[in-house]
Amino acid sequence: MKLKLLKIKSRRRFNILFAFIISLPFIILTLLLGGVGYFEIIPSFEELENPKTNIATEIISDDGILLGTFHIENRSFTPYEELSPNLVYALIATEDIRFFDHSGIDFRSLVRVFVKTILGGDRSSGGGSTISQQLAKNLFPRDTTINRSSLSSIPKLTIAKMKEWITAVKLERNYTKEEIIAMYFNTVPYGSNAFGIRSAAATFFGKLPSQLNLEEAALLVGVINAPSRYSPVRNPDRSTWRRNHVLSQMSKYGFIDQEYCDSISSLPIKLSYMQQDQNAGLAPYFREMLRRTLNASEPRAERYASRRDYLADYKQWTEDPLQGWIYKNPKPDGSYYDIDRDGLKIYTTINSKMQRYAEEAVATHLRTDIQPLFSSEVRMRKSPPFSNDLTAEQISHIVNQAKRWSDRYYRMKEAGATDKEIEKAFHTKTKMTVFSWRKGAIDTVMTPIDSILYYKSMLRAAFMAMDVHNGEVRAYVGGPNYRYFKYDNVSQGRRQVGSSIKPFLYTLAMQEGFTPCDRTLNVSQTFIVGDSSWTPASTDRPEWIGKNVTLKWGLTKSSNNISAYLMKQLGPNAMADMCHKLGIKSYLNPVVSLCLGPADLYVSEMVGAYQTFGNKGIHTEPLYVTRIEDKNGNVLATFQSRRKESISDRTAYLMINLLQGVVNEGTAYRLRSRYIPEGELAGKTGTSNNQSDGWFIGLVPKLVAGVWVGAEDRSVHFESLALGGGANTALPIWGIFMQKVLADPTLDINPTDVFEAPPGININLNCDGSDEEIQGATVTHDDFF
């Protein structure tokens, strides 16, 4: 018995001595380092409160959905309360089972590492770093740029480790255990450009962190150890093994039972993988428009070729608080916010459902209807995809210009390549990936010149919808696919509006006392312009000419003769002024031909102008953002609609009546016959010269939306009005979108909504713009398409 006690005492003395021997070098090193000031760069408490991590700015929809981020590292902060318990249990079981028992340093683990790993050479025994130490390393990374030799790096590594210990203890003193776990999950990388758990959950599973199930949580915790090695995308077998190791640890420490562990471990990995880059997610064109707007610098006159353009941009800068917000609102220390790093939260007016409906509508129509028709037509041309009207010299100029604007040309020029070398490269076949509506992306081999021609044959589209009453933009689609077509056709590209401008002329007429049922003779009009004359070409059927028609019939049939008649009565300057009152900001040349729509305008300003009709004459500027917060939730700015009375409520209501005729009896009748047979609708089609641009802008009582469709080059277009008119190219997108909106009861936009008449209005509105208003004419709706 005494011998046994002596052995126990001897073992205890040995353990104490052994622990002392192990600790002695660290104690001595600590004293030495303290003496020479090696710990001067230990993070201060202020630095712990504000670690320099790159936090992505989040763009959030009106209904609380994350649309995407601006980021260098795609990292968004997630509080502990929004973490799935599965994540917390998996992390503790795998990385630090005594996390809730220590104060930042786990000495038992250190001894285990020294004995088993260092002395015994057992690499499988696990590391000694606690979660707090790993967090310290993530927040304040080690400097590993020098002293990389095995011998010289030991002191440096030891110093770094000691700093991590001290930082971990500081973290434990200043934060709760739950906060440390949350900070840890928010700082670690997961691969695939996912930094932090929120980005990782979205990238690999399309979920929020709170929605992750057990096997998903175990996989993500396992990935942390080596994101590339255990990537479920690149290395699914290794990722499965690592996930199952995490599950085994959870079973070992009692978080789950062995039977459940075995059943989960047998499951294959199921991903919903989408890398969260700038091309992914909802509303990519909208997000990029916000980036441009927020980062816009103050306009300087010397940078503009046209003083008119400078004054327009300067006016926008001074009147729109969102324009250049970064530079108008510096931080308290005078520096500017960095939207890629400062973790702002931008709350937008976009409705995620409407945005999805809009993107689906654009894709559906282009993919299944209009692009196949156009591709079939251009294959028969002399020089596809260009119109047969173009000469060889004109086509060569367009192609060479596109070549000079390409990234390939720019890179070769920067590298010093000669013009001959560049020309040869553009005519040499090479591997590339191109966009296809049928397959999404195609790996193929073609010359760069052929790829230019291929993309020029692709039709583009733009769509914007906004709330009629408060101006909040609900959906914004700048093109067919942001990954391949970066140009934003909503707010970057002006295109010829054609007949969609005619309602602005009719607005002026209604304001001046005309009514929809006023009649005039349908005859051609000639204008004397200087020493010459101009007679607008008639688009009317021969049997309509010379008839007595109503103004409503004129807009319903988009008659050039009636528009010319009104222009002769009212004048081009008055029409241009009315356009600007309604919200058109672009310059308009006040010439008589303005009545037929030669002006190039943005989709955004056209939709904004039509909004005035549905809002009883009150024009509201499109509103994109409601507020901006910093990463801590402090409100930095709020934004409200800018409103002004542009026309009377009487005029606005008469315009709605006129535009209803277009849908019910005229060029937009296809909307009734194919998409929305019931409910109040109003709108107008538009088609530019040679069918280069197709438009449709329409309203329901609570929502206004506009569509443009066309090719990149105006010389690439349909040859016939039947195929290239706005009723065929643009209107179907509006119809598909609005079908989805009206069918969704959560959006509170219903077929039973009505346009309200202003009180006291007493005007004869019995005319409907139909064919019966022309005596002797027999016409079907199909004649207008």
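## The largest cavity

Fourteen is the count to start with: the largest cavity is lined by 14 residues, and L459, Q691, S692, G710 and F718 lie nearest its centre. Two strands, β21 (693-700) and β22 (703-711), each give two or more residues to that lining, and β22 provides the largest share, 3 residues. Strands here are DSSP runs of E, at least two residues, numbered from the N terminus; helices are runs of H or I, at least four.

By class, the lining has 6 nonpolar, 7 polar and 1 charged residues, with Gly counted as polar. The volume comes to about 70 Å³. A cavity is a set of points on a 1 Å grid where a 1.4 Å probe fits but cannot get out, and lining residues have an atom within 4 Å of a point.

## Basis of the model

This is a predicted model: local features need pLDDT of at least 70, side-chain atom pairs count only at pLDDT 80 or more, and totals for chains, interfaces and linings use all residues. Residues are numbered from 1 along each chain as its sequence is written, and side-chain values use heavy atoms, with hydrogens and water left out.

The structure holds 4 cavities of 30 Å³ or more.

## Out on the loop

L271 sits in the loop between α11 (258-265) and α12 (284-294).

Conventions. On a 1 Å grid over the protein atoms alone, a cavity is a set of points where a 1.4 Å probe fits but cannot get out, and a pocket is an open set with protein on both sides within 12 Å along at least five of seven lines; lining residues have an atom within 4 Å of a point. Grid points are joined across faces, edges and corners, and a volume is the space filled by probe spheres set on the points.
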